[in-house]
2 protein chains.
Amino acid sequence: MAHYKLAFLGFGNVGRALAQLLIRKKTELKEKHDITFSVTGIATGSHGSLVNQNGIDLFGALELMRASQSLSLLTSELVEDSFDFIQKCKADVLFENTSANYETGQPALDHIKNALELGMHVCTANKGPIVHAYQELKDLADANGVGFLHESTVMDGAPIFSLFREAIPASNLLSFKGILNSTTNLILSRLEGGDSFDEAVKHCQDIGIAETDPSGDVDGWDAAIKVAALVTVLMGIPLKPQEVEREGVRNITPEMVANALKEGKRYKLICSAERDGDKIISAKVAPELIPSTSPIYSVEGTSSIVEFKTDVLGDLSVVEKDPGPHTTAYGLLADFINAVK
Amino acid sequence: MAHYKLAFLGFGNVGRALAQLLIRKKTELKEKHDITFSVTGIATGSHGSLVNQNGIDLFGALELMRASQSLSLLTSELVEDSFDFIQKCKADVLFENTSANYETGQPALDHIKNALELGMHVCTANKGPIVHAYQELKDLADANGVGFLHESTVMDGAPIFSLFREAIPASNLLSFKGILNSTTNLILSRLEGGDSFDEAVKHCQDIGIAETDPSGDVDGWDAAIKVAALVTVLMGIPLKPQEVEREGVRNITPEMVANALKEGKRYKLICSAERDGDKIISAKVAPELIPSTSPIYSVEGTSSIVEFKTDVLGDLSVVEKDPGPHTTAYGLLADFINAVK
């Protein structure tokens, strides 16, 4: 039986869903995976931070968050800032889930470096550090004999990175194509249902999946970041989001969508990339008309899909329906198990 | 660098595709996976058997097979039967790919037991042993500290078993639904294209994917065996193919298929199972009308799909296009790498 000390840096929807999942899976982890754990640190954005080597009551912390109260109500050591937190939590595994800054990858990038240097495994759902410093972070993790895993950065908790790392070894990814941004896919589904573009965007904001400024989604930035992450990690070729050819969904009208449907086709915001040896010959995000003979056609609402061409199998697709904070949380749990096994 | 001695028991289309893949991936296995190998045994059905501790020339063996000549033309030790072969090949990894007998799982079942007892990893594409003795073989492998892997028994080389074993740890499979038999799926696609049932069956025989007696496919036996294999391994509940409720595609007429298409639906031979705790509440193979809103709708010809419901993610589907002996061979290569890592 191996015991691990866990710390949460960032405790928003995803962090809290992970805490709940860890509570639910505690017995199973012990009985089937010989893993026990305690939580020695929780750092929040606006409800204080908490470090306790004797183990934090995860139920209690979730209750305080639910009541919008400060975690400092639980007995704890004083924490100055996020780096002081990383130092003091003395965790074996850090879940890095602070707010993302895609321009720089900061402060998550420095958090992750710091934790890896201290010999912690790091699991993150944060795409910023992947597109800004993947190879550096991976090398740092290797040098420190720990894992740096990030399953939830693309397609939430659906297995994408672990698929190539574990399930299809000695395969080389030649190209991929898919739907990787939930908000725009839901907008396109709403347009098919009769919404205007503005109504569709407002619906996404109402259910909490689009920001007040929806440009990160509708202009294809989030999708471009995911293309860059897949190319960087799975093809081993560093690529910046700015290098991804990018067109969003602003020019798709309800009329275009209705006419396409009449012909048995659907507009989808397609993410794709193709390599030739060590060179990327195409990396783009753009609306495409998809026929019903493609598995991409049926992917509606917030669901997503990616179709991989490799040198060993026919096209292999992974489809994820109905993602949410709980599936992102599961990707982090899977990372934890894979990092320590 | 670790060196492994490999042996092929059965050297038909799949075995030979694996030999070609091993030749193609030799450098990559060495450079990226620290694996080198030599082949110390090849046993064929009608072209003799060959054992050589100094390593067999794989190119030469493939050439002899291509020319329908006996492998005994290559210098070798005398081999009496398959059990003598297993004994004498002294391999670290045995690829068991003899002809399958689904009634009993033999002789593959005894071959596998024998090899596991001798401390060999065993990789097989043979479904018989899985549905007849999975737990016994798994326990025997564990007791001997070796791997018993069988990725290619369902959906060829697409990652299904490794998905649950490696990529989505601590997940529990609640139910699944999909298309797992290529021949019937191609028959249904051909009916949509205007073929009669007999024409469709004949086409499948002509391209070599259906037997002279097509009942194993068209009456749903192959699909039922795959349902039993998934339930047995992924749900941990032993299930025999005879316990799977089974209806084939013989009652589907070109008229039914045409009418369905007019309504935007397609007939598919659906494999499914559902559990409630440790009990299977449904396991069946039957034709179903599938709407275009399902990813199953677009799966045509010999392609296949399976949709998994787990306790941790939304529906997760895996789709494999255009399988063949080369993809089955890849599943065996992946098993080899996963067994020894």
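I count a charge as sitting over a ring if NZ of Lys or CZ of Arg is within 6 Å of the ring centre and within 35 degrees of the ring normal. With that in hand, I looked at Arg246(B), which lies over the face of Trp221(B), 3.8 Å from the ring centre. In chain A I found Lys26(A) over the face of Phe37(A), at 5.8 Å from the ring centre.

A note on my bookkeeping: this is a predicted model, where local features need pLDDT of at least 70, side-chain atom pairs count only at pLDDT 80 or more, and totals for chains, interfaces and linings use all residues. Residues are numbered from 1 along each chain as its sequence is written, chains are lettered from A and ligands numbered from 1 in the order in which they are written, and side-chain values use heavy atoms, leaving out hydrogens and water.

Next, ring pairs. My search of the whole structure gave 12 aromatic pairs over all chains (Phe, Tyr or six-membered Trp rings with centres within 6.5 Å; planes under 30 degrees apart are stacked, over 60 edge-to-face, the rest tilted). Phe95(A) and Phe336(A) are edge-to-face, because their planes stand at 90 degrees, with centres 6.2 Å apart. This pair joins strand 4 (residues 93–96) to helix 12 (residues 325–340) of chain A, 241 residues apart (DSSP runs numbered from the N terminus: helices are H or I, at least four residues; strands are E, at least two).

I then checked Tyr134(A) and Phe148(A), a tilted pair at 6.5 Å and 35 degrees. Tyr134(A) and Phe148(A) are both buried.

Last entry: Phe95(A) and Phe336(A) share one aromatic cluster with Tyr4(A), Phe8(A) and Phe11(A).

Terms used
Buried < 20%, exposed > 50% of the residue type's maximum accessible area, 1.4 Å probe, protein only.
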